[in-house]
Amino acid sequence: MLSTGQRALGVQRVLDPAGVLPQAARRLDADPAVGPDEVRIAVQRLNLDAASFRQLSESHAGDGEAVRAAVVDIVATRGKMQNPVTGSGGMLIGVVDAVGPESPLGLAVGDRVATLVSLTLTPLRITDGLARWDGRSEQVPAEGTAILFARSIAAVLPDDLPDAVSLAVLDVCGAPAATARVVERARARSVTVLGAAGKSGCLSLAAARAVGALELTGLVRTEAEAAALTAAGLADRVVVADATDPLAVAAAVGTPADVTVVCVDVQGAEHGAILATADGGTVVFFSMATSFSAAALGAEGMAADVTMLVGNGYTPGHADLALGLYRSEAGVRALIDPRVVE
Ligand code: NAP
């Protein structure tokens, strides 16, 4: 018999292996029947994590049909959307269609919500075979059901923004919140963002500026992204380098920054980020493609005295902060809107 606290974590949904929390499970029970403290969502759209989508897309050579089949298969096999290679998921939007009598989430049937917990721990059943998705973008029109636990978090979708925009912004809302917190606590003056023209990257730049950082550097991979980021006006300096080439990153960034935020969606950015960070500084690894061992051993091998933080997807107030930055910063909108496929 599970305690209320254990049920709140979703332990009742773990099928395999026994004894782990839902995020670590190989397989969850995605039965749409809700328990007394659970909430069911009629799913409308998934947002696949950028690192996961890139990995799926590259491993199927951009074949959308194959990517779609792979996602359908993962969800059917695992009862959740967790890419077995990257380990990452994403989040979803939908409409609340059942609320257990003991759910503490304050949601009501009919509420339009975005889940703010990862798909890697959300019981999910797909009923339409993702027939309306071409497998070529992170946003996936979908029909099915998802389950929230008593300790899950969800945001009611704002009325003033297109759902696809809210979904994209909320998926990465942990990044600007983590950046703001680190910059404030360290009283950081200089901040470098790797992958600065992406969704989490541009929000992180805007968040750093909002809490008083004075020297903002945005690193991007291509001249086209450099032009877009320069036009957006979110960075004091825009540099071009491949984030996976540590020496190129160090050369492009120049004087190391107090804080570096890693927002790329590819593997191999750890060493460049460490080189780009001043002694005593902090690296926030928001990217799900980060290797803990590469970061830890790389820093040791460089005798780099840097604090390295895993970008926690949850910080209190993160959703409102990110949506607020999207609304207030034209530069953020200019960079995110073209990435959002309606
Ligand atoms: P995004 O919008 O696709 O942005 C990623 C950016 O990185 C793009 O501008 C991309 O450029 C750039 N990039 C890719 N390879 C690069 C390279 N070698 N050098 C320099 N720039 C490069 O992705 P996002 O949605 O912001 O997500 C970014 C990361 O956050 C992902 O790894 C994702 O897994 C992670 N994430 C973490 C959490 C969490 O809770 N910690 C939650 C959500 C997402 P191109 O567009 O030209 O490829």
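Me: How far is D265 from the ligand?
Reply: This is a predicted model, and in it a polar side-chain atom of D265 sits 3.5 Å from an oxygen atom of the ligand.

Me: And what about V264?
Reply: V264 uses its backbone: a polar backbone atom there is 3.0 Å from an oxygen atom of the ligand.

Me: How far is the side chain of E225 from the ligand?
Reply: An N or O atom in the E225 side chain is 2.7 Å from a ligand oxygen atom.

Me: OK, how much of the ligand does the protein bury?
Reply: The protein buries 91% of the 920 Å² that the ligand exposes when taken alone.

Me: Which elements give two or more residues to that shell?
Reply: Those are α2 (50–59) and α6. The most comes from α2, with three residues.

Me: How many residues surround the ligand, then?
Reply: There are 27, and the closest are D49, R54, S200, R221 and E225. By type, the shell has 11 nonpolar, seven polar and nine charged residues.

Me: Switching topic: at what angle do α6 and α11 pack?
Reply: About 90°, with the axes of α6 (residues 199–210) and α11 (residues 318–328) 10 Å apart. Angles of 65 to 115 degrees count as roughly perpendicular, so that's what α6 and α11 are to each other.

Me: Which residues meet there?
Reply: From α6 you have L203, A206 and A207, and they meet A322, L325 and Y326 of α11.

How values were computed: Residues are numbered from 1 along each chain as its sequence is written. This is a predicted model: local features need pLDDT of at least 70, side-chain atom pairs count only at pLDDT 80 or more; totals for chains, interfaces and linings use all residues. Side-chain values use heavy atoms; hydrogens and water are left out. Axes are lines fitted to C-alpha atoms, for helices over the stretch in contact, and angles run from 0 to 180 degrees between N-to-C directions. Helices (H or I, at least four residues) and strands (E, at least two) are DSSP runs, numbered from the N terminus. Angles under 35 degrees count as roughly parallel, over 145 as roughly antiparallel, 65 to 115 as roughly perpendicular and the rest as oblique. Contact means heavy atoms within 4.5 Å. A residue is near a molecule or strand if one of its heavy atoms lies within 4 Å of it. A polar contact is a pair of N or O atoms within 3.5 Å; within protein, one must be able to donate a hydrogen and the other to accept it, and residues adjacent in sequence count only if both atoms are side-chain atoms. Accessible areas come from the Shrake-Rupley method with a 1.4 Å probe; for residues, only the protein chains shown count as cover. Ala, Val, Leu, Ile, Met, Phe, Trp, Tyr, Cys and Pro count as nonpolar, Asp, Glu, Lys and Arg as charged, and the others, Gly among them, as polar.
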